[in-house]
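Here are a few friendly notes to read alongside the model.

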Amino acid sequence: MPNNIPNLDDLRRQIDRIDGELHDKIMQRTALIDQVAKAKQLLGRHDFAMRPNREAEVVRALAKRHTGPLPTATVIRIWRELINGATALQGPMSVAVCAPARSVAYWDMARNHFGSSVPMTLHTSPSVVMRMVDDQPGTIGLLPFPQSGEEHPWWPALASQANDQSGPRVIWRLPFFSSLTGRFEQLEALAVAKLVPEASGDDATLAMVETYLDVSLARVMGQLDQCGFVVHPLAVHEQDQQGVRLQLMELDGLVNDEDPAMIAFHERMGEGLSRVSILGAYPKALAVGEAG
């Protein structure tokens with residue numbers, strides 16, 4: 001037998017030692033999370049513990065620094081479990097999944113992102129999920145990605161609460177990272193919760209532009225472009241009885257109603273524009289190369 005073959009028992013002992021060190025660090029991390037939760041209670045803060053911006057920063061840093069043969073998506077999945085487990089320790093957290101069709105795909109997507117220990121329920125009605133988000137503290141609703149031509153889209157309902165800082169809004173566009181089990185049949189979804197978005201460094205804003213029927217999508221996109229926005233049209237829904245067209249847009253960056261560019265857009269559109277509703281914002285997903 002060659003002398004340069006490593007001793008298998010010695011290698012396994014080293015792995016066991018590292019496993020113990022990893023577990024110690026996880027317990028230390030959890031103890032720090034418990035201190036954070038107690039500090040929030042002393043400060044009188046009872047807001048949702050989830051912070052998508054912070055989670056995105058952590059995952060992006062992991063993807064950037066990771067090397068070696070272990071897939072980056074595997075490392076991210078491990079940290080997603082740690083993050084979600086820690087978030088659940090700080091307050092109520094559950095996921096209501098809306099899956100009118102292909103329920104396995106949406107369920108897998110939710111599990112992949114929100115973890116294996118977070119309680120989840122499955123529903124066929126978007127309105128039921130939206131009501132759970134509104135009524136039950138700590139509930140995240142996962143809803144099918146908007147499509148043009150839907151008879152009863154769920155996303156216009158968010159516009160009625162767009163100015164309510166405590167109301168539901170979109171906080172994630174999923175999947176956030178590539179995974180063989182996290183994007184079944186190439187579907188996407190939006191996650192909704194009662195949470196005010198914060199900047200992560202690379203974000204997108206979801207906006208609903210309501211115009212009269214004679215205002216085209218091309219005109220809206222052109223005026224947004226002239227005001228300096230990078231625009232990605234997502235869906236269009238016409239409400240013939242009201243005489244309005246709802247145009248769902250993704251805008252690069254974290255945008256609010258007071259932004260000078262948004263004020264300029266209102267001025268350029270004039271009477272053709274009924275309103276602009278900010279429906280939420282979320283960290284942009286990792287590029288394929290980052291999460292592969």
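How many cavities of 30 Å³ or more does the structure hold?

1. The structure holds three of them. A cavity here is a set of points, on a 1 Å grid over the protein atoms alone, where a 1.4 Å probe fits but cannot get out. Please keep in mind that this is a predicted model, where local features need pLDDT of at least 70, side-chain atom pairs count only at pLDDT 80 or more, and totals for chains, interfaces and linings use all residues. Residues are numbered from 1 along each chain as its sequence is written, and side-chain values use heavy atoms, with hydrogens and water left out.

2. About 50 Å³ is the volume of the largest cavity, taken as the space filled by probe spheres set on the points. Its lining (residues with an atom within 4 Å of a point) includes Pro 52, Asn 53, Ile 171, Asp 203 and Tyr 282.

3. Strand E9 (273-283) and helix H2 (52-65) each supply at least two lining residues of the largest cavity, and E9 gives the most, with three. Both are DSSP runs (helices H or I, at least four residues; strands E, at least two).

4. H2 also meets helix H3 (residues 72-89): their axes, lines fitted to C-alpha atoms over the stretch in contact, come within 10 Å and cross at roughly 155°. The pair is therefore roughly antiparallel, a term for angles over 145 degrees.

Note on methods: 1 Å grid on protein atoms, 1.4 Å probe; cavity = no way out; pocket = protein on both sides within 12 Å on 5 of 7 lines; lining within 4 Å. Axes fitted to C-alpha atoms, helices over the stretch in contact; angles between N-to-C directions. Parallel < 35°, antiparallel > 145°, perpendicular 65-115°, else oblique.
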